[in-house]
Amino acid sequence: MTARDNKTYYDEFAAWYENERHHGYHAMIDDLEVDLVTPFCRGRDVLEVGCGTGLILTRVAAVAQTAVGVDISPGMLEGARERGLDVFEGSATALPFEDGRFDTVYSFKVLAHVEDIDTALAEVSRVLRPGGHALLEFYNRHSVRYLAKRIGGAGKISAKTDESAVFTRWDRPNELIARLPMDLEFQRFAGVRVFTPGAFAHKVPGLRRALRKAEFLARDAPVLSRWGGFLVAVLRKS
């Protein structure tokens, strides 16, 4: 799928994007990601690639020295600007920033939908300062989430479109490490959504609490983290 098609897809998604994001499963995923990235953002110049409507960037901006977002979708960016965030329209494969602008670059739920991933990784490295960190999330083929998607199929993103309308890649952990640019040093994986079979599980109060606790424990566990449905590569620029 081309960048133009991705733009159309996310503009359509923008109207529904926050419908389920403020409670239950989706709130837990956001909490796991914000908790992970915050130590790398405190007091630093930060970029979010694929900021959407700014739900995560708002929380990061509260601790960062500067926090900037970029997204391909004007519809998504409208919501981010309503939150008063500093955001720009642009593609992950052509970031509209100068070399070495940021201490930290992070991206959640985006890079799995970028077909030219090698160019996107090179762009992340380009805008990072030496010694800076990138936290980049991919969809993990070795995960419960992958199996659930294979069985359950694509979810709806609007009244007439589902997730099958956008390019999606499912990567294996070792393949991700192998394709990193030479100046991005792999440090570790963090695994988001290791145990959760689907959003439905978080509608059961007792189960929701147990899963939330288990997911926070598993996220940084050396073995369990590699089974996260959302696999975050923690990288450092040499």
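This is a short chat about a predicted model of one protein chain.

Student: What does the secondary structure of the protein chain come to?
Tutor: Eight helices and seven strands. Keep in mind that the model is predicted.

Student: What radius of gyration does the chain have, and what would a compact globule have?
Tutor: The protein chain has 17 Å. A compact globule with 238 residues would have a value near 18 Å, so the two agree.

Student: And what box do the C-alpha atoms fill?
Tutor: Roughly 45 × 40 × 35 Å, taken along the principal axes.

Student: How many of the residues count as buried?
Tutor: Of the 238 residues, 51% do. The accessible surface comes to about 10,900 Å², and carbon and sulfur atoms account for 55% of that surface.

Student: What about contacts between residues at least 6 apart in sequence: what share joins residues at least 24 apart?
Tutor: That share is 74%.

Student: Changing topic to Arg219. Where is it?
Tutor: Arg219 is in helix 8, which covers residues 205-219.

Student: Does Arg219 count as buried or exposed?
Tutor: Buried, because its relative accessibility is 7% and the cut-off for buried is under 20%.

Student: What does the side chain of Arg219 make a polar contact with?
Tutor: With the side chain of Asp220, at 2.8 Å.

Student: Leaving out residues up to four places away in sequence, which residues does Arg219 touch?
Tutor: Leu32, Asp35 and Leu36, then Phe189, Ala190, Gly191 and Val192, and also Ser225.

Student: On to the rings. How many aromatic pairs does the structure hold?
Tutor: Seven. One of them is formed by Tyr106 and Phe108, with 5.4 Å centre to centre. Their planes are 40° apart, and the pair is tilted.

Student: Are Tyr106 and Phe108 buried or exposed?
Tutor: Both Tyr106 and Phe108 are buried.

Student: Which residues form the aromatic cluster?
Tutor: Tyr139, Tyr146, Trp170 and Phe230 form one cluster.

Student: What sits over the ring of Tyr139?
Tutor: The charged end of Arg145, 4.4 Å from the centre of that ring.

Student: And which residue lies over the face of Phe230?
Tutor: Lys109, at 4.1 Å from the ring centre.

Technical notes: Residues numbered from 1 in each chain as written. Predicted model: local features only at pLDDT ≥ 70, side-chain atom pairs only at ≥ 80, totals over all residues. Heavy atoms only, no water. Helix = DSSP H or I, 4+ residues; strand = E, 2+ residues; numbered from the N terminus. Buried < 20%, exposed > 50% of the residue type's maximum accessible area, 1.4 Å probe, protein only. Polar contact = N/O pair within 3.5 Å; in protein donor to acceptor, adjacent residues only side chain to side chain. Contact = heavy atoms within 4.5 Å. Phe/Tyr/Trp six-rings, centres within 6.5 Å; stacked < 30°, edge-to-face > 60°. Lys NZ or Arg CZ within 6 Å of the ring centre and 35° of its normal. Rg over C-alpha atoms; globule rule 2.2 N^0.38 Å. Areas by Shrake-Rupley, 256 points an atom, 1.4 Å probe, with all protein chains shown as cover.
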